[in-house]
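Me: I would like to know what stands behind some of the labels used for this model. Please set each value against its cut-off.

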Amino acid sequence: MTVEQTLPDARPVEAQARPDLTTLIVYFGALVAMFMATIDMQIVVTALPTIAGELGNLHLFGWVGAAYLLSTAAVSPFYGKLGDMYGRKNVVLTAIGLFLVGSLVCGMAWSMESLIAARVLQGIGGGGLMVSAFAMIGELFSPRDRAKYQGYSSAVFALSSVLGPLAGGYITGLFGWRWVFLVNLPIGIIVLAVLAFAMRSRFNEKRHRIDYLGGALLATGTTAIVYWGYHVLDPSGPDLITFALPLLALGAITLFVMVERRAEEPIVPLRLFGNSTVSIVSGVSLVAGTVTLGMFFYFALYMQTLTGLSPAEVGFLFLRRR
């Protein structure tokens, strides 16, 4: 008896495991949405010197990037729980809507303060796009295929980090800095329409509880650390901030750990850090993100201000260095 006779349905099972066209369309839409969210982390790098030159308040330069990153980090843990409770479709469509509204307000900003506020709104939507794209992989594909499609998602993330400064430089040089944000609108509207019609609504029968307190403490601690670092670099405010912010950050992180230990469904399960791989990767990601993202913003300012390079030339310089 041959192997084919002992396993007569092996080929049909393999054929059924392949994703259909609708699934691939939804996945492609999720990738494009994630690409928009991730590229906006660095697309403003080469545009910021031009933005600061027009809007003024150069001392707020760093907050245009930090506002997006902080809001993204603060809301990302919540989107996973919201997707479990209300379905991925509702969550990702809401995130796209918030991201597009934030992009529109960024493009219409009249001052550096309004741009920073708009970047917070844009980051609230961007955090949902990144989390939802990865979570959707678990619902769209079988376990044996998830690693492959997860690899495609990681490749999109890497591509956006490489192309971000270059795209921002060329868009700023050709159309003006406002189009760095407004370019998201036509792309996002198409993605919104595709996902609205092609994506199926799926609800989880299990009731979940969102750890609002843990998420708020994590966001407070993170924001306090970032603002303290900014104040150290630019100590123009009251000296009290120098002492108050570290205490606020330490208190918030301490309370966060206490809350997560007792939470029924913690926003960040502390048991994950018992795995050495998770701990090492998290530490490396923290150091890499702090060094690279901060360096990109100030290096772009230095190159354009002191050397006279155009935004496009600085973006190409970043691409060559990578």
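Reply: Contact here means heavy atoms within 4.5 Å. The model is predicted, so local features need pLDDT of at least 70 and side-chain atom pairs count only at pLDDT 80 or more, while totals for chains, interfaces and linings use all residues. Residues are numbered from 1 along each chain as its sequence is written, and side-chain values use heavy atoms, leaving out hydrogens and water.

Me: Which residues does Ser 132 touch, not counting those up to four places away in sequence?

Reply: By that rule Ser 132 touches Val 91 and Val 92. Ser 132 itself lies in helix H7 (residues 112-140); a helix is a DSSP run of H or I with at least four residues, numbered from the N terminus.

Me: Why does Ser 132 count as buried?

Reply: Buried means under 20% relative accessible area, exposed over 50%, and partly exposed in between (1.4 Å probe, protein chains only). Ser 132 has 2% relative accessibility, so it counts as buried.

Me: How many aromatic pairs are there?

Reply: Two. Rings of Phe, Tyr and Trp (its six-membered ring) pair if their centres lie within 6.5 Å; planes under 30 degrees apart count as stacked, over 60 as edge-to-face, and the rest as tilted.

Me: What makes Phe 78 and Tyr 212 a stacked pair?

Reply: Their centres are 6.0 Å apart, with 25 degrees between the planes. The pair links helix H5 (residues 61-86) with helix H11 (residues 212-233), 134 residues apart. Phe 78 counts as buried because its relative accessibility is 17%; Tyr 212, at 56%, counts as exposed.

Me: Why is the pair of Trp 177 and Phe 181 called edge-to-face?

Reply: The ring centres are 6.3 Å apart and the planes stand at 85 degrees, so the pair is edge-to-face. Trp 177 and Phe 181 are both buried.

How values were computed
Helix = DSSP H or I, 4+ residues; strand = E, 2+ residues; numbered from the N terminus.
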